[in-house]
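I opened the model to look up charged pairs and ring pairs. My notes are below.

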Amino acid sequence: MRPHNRVTLMTSITTTDLSFDQQHIWHPYSSMINPPSMYPVVSAEGVRIKLEDGRELIDGMASWWSVIHGYNHPELNQAAHEQIDKMSHVMFGGITHQPAIELAKQLVEMTPANLDKVFLADSGSVAVEVAIKMAIQYWHARRANEGKTNTKHKLLTIRNGYHGDTFGAMSVCDPINGMHEIFTEVLPKHFFAPAPQTGFDQQWDEADCSELKRLFAEHHQEIAALILEPIVQGAGGMRFYSPEYLKTARQLCDEYDVLLIADEIATGFARSGALFACDHAGISPDIMCLGKAITGGYMTLAATLTSSHIGETISSGGAGCFMHGPTFMGNPLACAVANTSLKLLRESDWKANTQRIQQQLEAGLSPCRELNSVAQVRCLGAIGVVEMKQPVDARRIQQAFVDAGVWVRPFGKLVYVMPPYIMSNEDLAILTGAMHQVLVKMENS
């Protein structure tokens, strides 16, 4: 027998550890030839992450928009401890459990009308893959039931969108301005409408939907679904667009018998100032994708919701079963924490709180408008964006933010924040003040 080698858990991160990290660990969106600097974190509490050297950073990113209740939250910790003592995981095939049942109940109650079938997945990208498969299988089943050949196998989306890094999700990300251009030749080809141009608070211009209407009119017999990020386009540009565009999109889907998929992974659970971004337009999608904040950032979990009609149609024609089942689908530990996270959100005055955060972000980021290097400042809900005229030097500006005591991770031309909802006005002022300070420094150097 091979001897058992015990792994000693280190209590601190050494320079040797960091050297190993740099040589062997592939971090997201990075190169292994010239990897970016890593800032070793040893703990996190509330809205602060603590570095190995003792410095604390106010986290403006909520760990990629997920830690809405802050770090090390006592009620979320308790939920995790109580569940792990019962079972951390059990397969979801042929088995169910109370945490998953309770989570599905909460999601059905919270989300827009008619979304009453819940598929639990393990990441946002997978939730999008599931939504795409649902839409295509729906039409396969429906046409089979009607005795027709299925021709609806393509998707329609809008440019500047981002839906994830797996293949199905990549195929509906912006093919030019997105991150996946090198995969163009191997990805399925779908239809792309221009990105909405009317801003969230701007006077609605019907012409904004003219190309979208043309694509529907000419290709609706091929289009299974329109997929978009409602109101807020996230990693594709942090753009906020008019609710009227979303209303028109819903109307066009109804007119041409096309499903509407709302990717609310980034916007769900009050990030945009509404509980779900679809609520700004008063519409309900046929399929909705959720993730990120669902567990308060404690662990990965996602959900795809759809209507009884779609669920029953898929189940009654063609293959009958929906052939998708992630190993960690319905993970009890994640579901238990999610239940407490959603309970915390629902029992809070989330609407007043996101309005407070928006006001603080607008006030704190407003001075950035005076900088020559800044193209636009925009805020919506708990989202604050400073768009630069030119792409930022990511390494240099990241170091400047750390030196200023905040964690902000810009990309491209975008310097933005999506803070935890518990962040105080005082910490928001420090965060936005540091952003202005660093941008002034970058402009003058």
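These entries cover confidence, salt bridges, aromatic pairs and charges over rings.

I worked on a predicted model, where local features need pLDDT of at least 70, side-chain atom pairs count only at pLDDT 80 or more, and totals for chains, interfaces and linings use all residues. Residues are numbered from 1 along each chain as its sequence is written, and side-chain values use heavy atoms, with hydrogens and water left out.

**Confidence.** I checked pLDDT, the predictor's confidence in each residue from 0 to 100. The chain mean is 94, and 97% of residues reach 70 or more. Where pLDDT is low, predicted coordinates should not be read in detail.

**Salt bridges.** I took a salt bridge as a side-chain nitrogen of Lys or Arg within 4 Å of a carboxyl oxygen of Asp or Glu. The structure holds 17. Glu109 pairs with Arg346 at 3.1 Å, N to O. That pair links distant parts of the chain, helix H4 (residues 98-110) and helix H10 (residues 332-347), 237 residues apart. Helices (H or I, at least four residues) and strands (E, at least two) are DSSP runs, numbered from the N terminus.

For accessibility I used relative accessible area: buried under 20%, exposed over 50%, partly exposed in between (1.4 Å probe, protein chains only). Glu109 is exposed at 56%; Arg346 is partly exposed at 36%.

I then looked at Lys343 and Glu347, whose closest N and O atoms are 3.3 Å apart. They sit four residues apart in helix H10, about one helical turn. Lys343 is partly exposed at 40%, and Glu347 is exposed at 58%. Shared partners join Arg142, Arg143, Glu146, Lys148 and Asp257 into one salt-bridge network.

**Aromatic pairs.** Rings of Phe, Tyr and Trp (its six-membered ring) pair if their centres lie within 6.5 Å; planes under 30 degrees apart are stacked, over 60 edge-to-face, the rest tilted. I found eleven pairs listed for the structure. Phe119 and Phe322 are edge-to-face, at 5.5 Å centre to centre and 90° between planes. Phe119 lies in strand S4 and Phe322 in the loop between helices H9 and H10, so the pair ties together parts 203 residues apart in sequence. Both residues are buried.

**Charge over ring.** The criterion is NZ of Lys or CZ of Arg within 6 Å of the ring centre and within 35 degrees of the ring normal. Lys152 sits over Trp139 at 4.6 Å from the ring centre. Lys292 lies over Trp65 at 4.8 Å.
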